Amino acid sequence: MVMMKQDRNLDQKTNKSSKNPWLDGALLAILALIIILSITITNLHSAEQAKMIGILIMVLALILVPLSYFKVKSFYHGDSKDLFVPKSMGVGITINPNNPLGKVIWVVIVLVLLYFLFKIMLTPA
């Protein structure tokens with residue numbers, strides 16, 4: 001009986017997250033672009049072209065992190081205040097976006113990406 005209740009709660013969380021199909025599409029499109037650009041960067045002969053694609057990858061990653069934050073937040077509606085919570089789908093744990101320290105970790109990830117973006121931009125090719 002308890003297991004069925006947990007399954008029902010998981011189904012409700014999953015259905016709530018599917019109300020934003022644009023978010024899923026945006027995440028998939030950005031991930032596909034990052035993968036494609038990462039593959040093409042190995043075939044470039046010009047350092048300037050490689051630098052520009054590296055900058056583009058960093059910008060896409062900066063867009064990807066907040067979108068993934070909102071995706072993760074759609075699964076966890078303040079159910080737990082633990083820093084690490086079990087994934088709602090699949091195996092493993094993830095950072096709880098409702099925990100204050102979890103929000104700080106997400107912000108630190110964005111700041112680290114910004115640091116590397118500016119480092120790439122200011123480094124001569």
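This tour moves through the chain selection by selection, saying what to pick and what is found there.

**Before selecting anything**

The model is a predicted one, in which local features require pLDDT of at least 70 and side-chain atom pairs count only at pLDDT 80 or more, while totals for chains, interfaces and linings use all residues. Residues are numbered from 1 along each chain as its sequence is written, and side-chain values use heavy atoms, with hydrogens and water left out.

**The whole chain**

Colour the chain by pLDDT, the predictor's confidence in each residue on a scale from 0 to 100; the mean over the chain is 82, and 83% of its residues reach 70 or more. Switching to a cartoon view shows 4 helices and 2 strands, arranged along the sequence in the pattern α-α-α-β-β-α. Helices here are DSSP runs of H or I with at least four residues, strands are runs of E with at least two, and both are numbered from the N terminus. Among these elements, helix H1 (residues 2-17) has the lowest mean pLDDT, 53, whereas helix H4 (residues 100-122) has the highest, 93.

**Select residues 21-41 and 47-75**

These are helices H2 and H3, whose axes come within 9 Å and cross at roughly 155°; the axes are lines fitted to C-alpha atoms, for helices over the stretch in contact, and angles run from 0 to 180 degrees between N-to-C directions. H2 and H3 are therefore roughly antiparallel to each other, given that angles over 145 degrees count as roughly antiparallel, under 35 as roughly parallel, 65 to 115 as roughly perpendicular and the rest as oblique. By class, the contact of H2 with H3 has 20 nonpolar, 4 polar and 2 charged residues, with Ala, Val, Leu, Ile, Met, Phe, Trp, Tyr, Cys and Pro counted as nonpolar, Asp, Glu, Lys and Arg as charged, and the others, Gly among them, as polar.

**Zoom to Ala-50**

Ala-50 lies in helix H3 and, at 24% relative accessibility, counts as partly exposed. Not counting residues up to four places away in sequence, Ala-50 touches Ile-41 and Leu-44.

Met-121 is found in H4 and counts as partly exposed, at 41% relative accessibility. Leaving aside neighbours within four places in sequence, Met-121 is in contact with Lys-51 and Ile-55; the C-alpha atoms of Met-121 and Lys-51 are separated by 7.9 Å, although the residues are 70 apart along the chain.

Finally, select Leu-101, also in helix H4, which at 46% relative accessibility counts as partly exposed. Leu-101 and Asp-82 are 19 residues apart in sequence and 9.5 Å apart in space, C-alpha to C-alpha.

Notes: Buried means under 20% relative accessible area, exposed over 50%, partly exposed in between (1.4 Å probe, protein chains only). Contact means heavy atoms within 4.5 Å.
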